[in-house]
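Thanks for coming. I will go through one model this morning, starting with its domains and ending with a few strands.

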Amino acid sequence: MSELHKFLFDGLPVRGVIVRLTDAWTEILRRRASNSTSGAYAPELRDMLGEMTAAAALMQANIKFDGALVLQIFGDGPVKLAVVEVQSDLALRATATVQPQVEPGSTLSQMVNAKNQGRCAITLDPKTKFPGQQPYQGVVPLFDDHGHPIEKLSAVLEHYMLQSEQLDTTLVLAADDKVAAGLLIQRLPMAGAGNLAGSMVSKENEDQIGQNESYNRIAILASSLKREELLTLDVDTILRRLFWEESITRFEPGELEPRFACNCSRERVAKMITGLGREEAEDIIAERGDIEVGCEFCGLQYRFDPIDAAQLFVDAVQIVSAGTDAH
Ligand SMILES: [Zn+2]
């Protein structure tokens, strides 16, 4: 079963989260493999998307936020888009768009940052928004301060956390065809709770960057975790091996159970079709006989025959005229 645990280092300004996605991850891979159009992910892309999925779960669990955390990479190589969405209750889904194929042995840069123009975006989309409220989004490039491409997703995200939260963060990520796992260690903010929207950006925190000895010691221990260990060992063994000299308090996992879930619906697809406009929808029907839209995340197919499609626009017109009548 997939699991996620949060913990604190007793008496030290350091916290951690560890995630191990098994069934949730293999479900994402299974659905992709059974999509006859796209087929299974290339191993290099699979591992990158798995690391993104583990990282997004860690970041969602690490903030106090009610809504969706969306981690995206907009690539300039064969991978055009990789996206992971994690809800507050750790329901998650992920997908990637590839054109053409990923070459065997491709690095992160070769997949998503071939011309050094790839971008990584983190979006916090609150569940309840006040009118006109836009989701918060932060974007970082896939190169370091000297313009050199970064070859590890963990380094891209550590950079992001330092910029947005002014907090030292260490991430270890790994994925294969069975497991997507990650460990996050973070220095606690001086006061209050940090969040990805940067509310803790303060002089005090900035001064502490790289200076906290307790954090530095624990970060070195965390960084010694090998990919193979993260993929094969259970959570208890990993924490014991890494931090056997530290005193750790673990939180009850509570309702935090990472699992695959897709929130696509026929209503949303219907909205998308009406968004295309009547003319375009009629063109598609004239050409193909119906409108079929597949969900990229779960593979579900939504089919609208000519009558369904016509009905969508009748409904849309009724809604518009009802709105007009009211004025
Ligand atoms: Zn879906």
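**Domains and strands**

Five residues of domain 1 touch four residues of domain 2, a contact being two C-beta atoms, placed from the backbone, within 7 Å. On the domain 1 side, those residues comprise no nonpolar, three polar and two charged; nonpolar means Ala, Val, Leu, Ile, Met, Phe, Trp, Tyr, Cys and Pro, charged means Asp, Glu, Lys and Arg, and the others, Gly among them, are polar.

This is a predicted model, where local features need pLDDT of at least 70, side-chain atom pairs count only at pLDDT 80 or more, and totals for chains, interfaces and linings use all residues. Residues are numbered from 1 along each chain as its sequence is written.

Domain 1 covers 3–260 and domain 2 covers 266–325, with bounds from an automatic or database domain assignment. Their centres, over C-alpha atoms, are 36 Å apart.

For the protein chain, the count is 11 helices and 13 strands; these are DSSP runs, helices being H or I of at least four residues and strands E of at least two, numbered from the N terminus.

Now to β3, residues 67–74. Strands pair if DSSP finds at least two bridges between them. β3 runs antiparallel to β6, residues 119–126, with eight bridges, and Leu71 sits opposite Ile122 in β6. β3 is also antiparallel to β4, residues 79–86, through six bridges. There, Gln72 is opposite Val83. β3 and β4 make a hairpin, with four residues between them.
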